[in-house]
Amino acid sequence: NTISALIVVHVHGENTSVQPENTPTGFELVVAGSYDRLMSFWRVTLTSDRTAMAKFERVVHAHPDATDEILALGSSATTHALFSGGNEGVIRQWSLWGTVPEAELRG
């Protein structure tokens, strides 16, 4: 599982409406895309002594085609969305908490 793309998404304030229940605000999501078409999510928070701590959240099988490796990740603070792109030239839009793409952008 070689990492091919990495992004940090700041989650706070207005993002609370899209968070799963019992999820505290004020953290970062580190999202890693890989050549095996997976996106892995880690939540990074600060402990009481201000040490950063990462906790593995989940993995999503993001690109179904075996040749469509994840090559790029991006995010939008405005839409609270994550984007992935790969060998097929398709950009997939994801909710920060989703497990299936919300849209596929082609062209």
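Author: Here are the terms, taken one by one. This is a predicted model, where local features need pLDDT of at least 70, side-chain atom pairs count only at pLDDT 80 or more, and totals for chains, interfaces and linings use all residues. Residues are numbered from 1 along each chain as its sequence is written, and side-chain values use heavy atoms, with hydrogens and water left out.

Reader: What makes the Phe27 and Trp97 pair tilted?

Author: Rings of Phe, Tyr and Trp (its six-membered ring) pair if their centres lie within 6.5 Å; planes under 30 degrees apart count as stacked, over 60 as edge-to-face and the rest as tilted. The centres of Phe27 and Trp97 are 6.2 Å apart and the planes stand at 55°, so the pair is tilted.

Reader: Why is the pair said to tie together parts of the sequence?

Author: Phe27 is in strand S2 (residues 27-34), and Trp97 is in the loop between strand S7 (91-95) and strand S8 (103-105), so the pair ties together parts 70 residues apart in sequence. Strands here are DSSP runs (E, at least two residues), numbered from the N terminus. Phe27 and Trp97 are both buried.

Reader: Why is the pair of Trp42 and Phe56 called edge-to-face?

Author: The angle between the planes of Trp42 and Phe56 is 70°, and edge-to-face asks for over 60. The centres of this pair lie 5.7 Å apart. Trp42 belongs to strand S3 (residues 38-46) and Phe56 to strand S4 (residues 52-61), so parts 14 residues apart in sequence are tied together.

Reader: Why do Trp42 and Phe56 count as partly exposed?

Author: Buried means under 20% relative accessible area, exposed over 50%, partly exposed in between (1.4 Å probe, protein chains only). Trp42 has 27% relative accessibility, so the label is partly exposed. Phe56 has 44%, so the label is again partly exposed.

Reader: How do you know that the charged end of Arg58 sits over the ring of Phe41?

Author: The test wants NZ of Lys or CZ of Arg within 6 Å of the ring centre and within 35 degrees of the ring normal. The charged end of Arg58 is 3.8 Å from the centre of the Phe41 ring. Arg43 also lies over a ring face, that of Phe27, at 4.5 Å from the ring centre.

Reader: What makes S7 and S8 a pair?

Author: Two strands pair if DSSP finds at least two bridges between them. S7 and S8 have three bridges, in the antiparallel sense.

Notes: Helix = DSSP H or I, 4+ residues; strand = E, 2+ residues; numbered from the N terminus.
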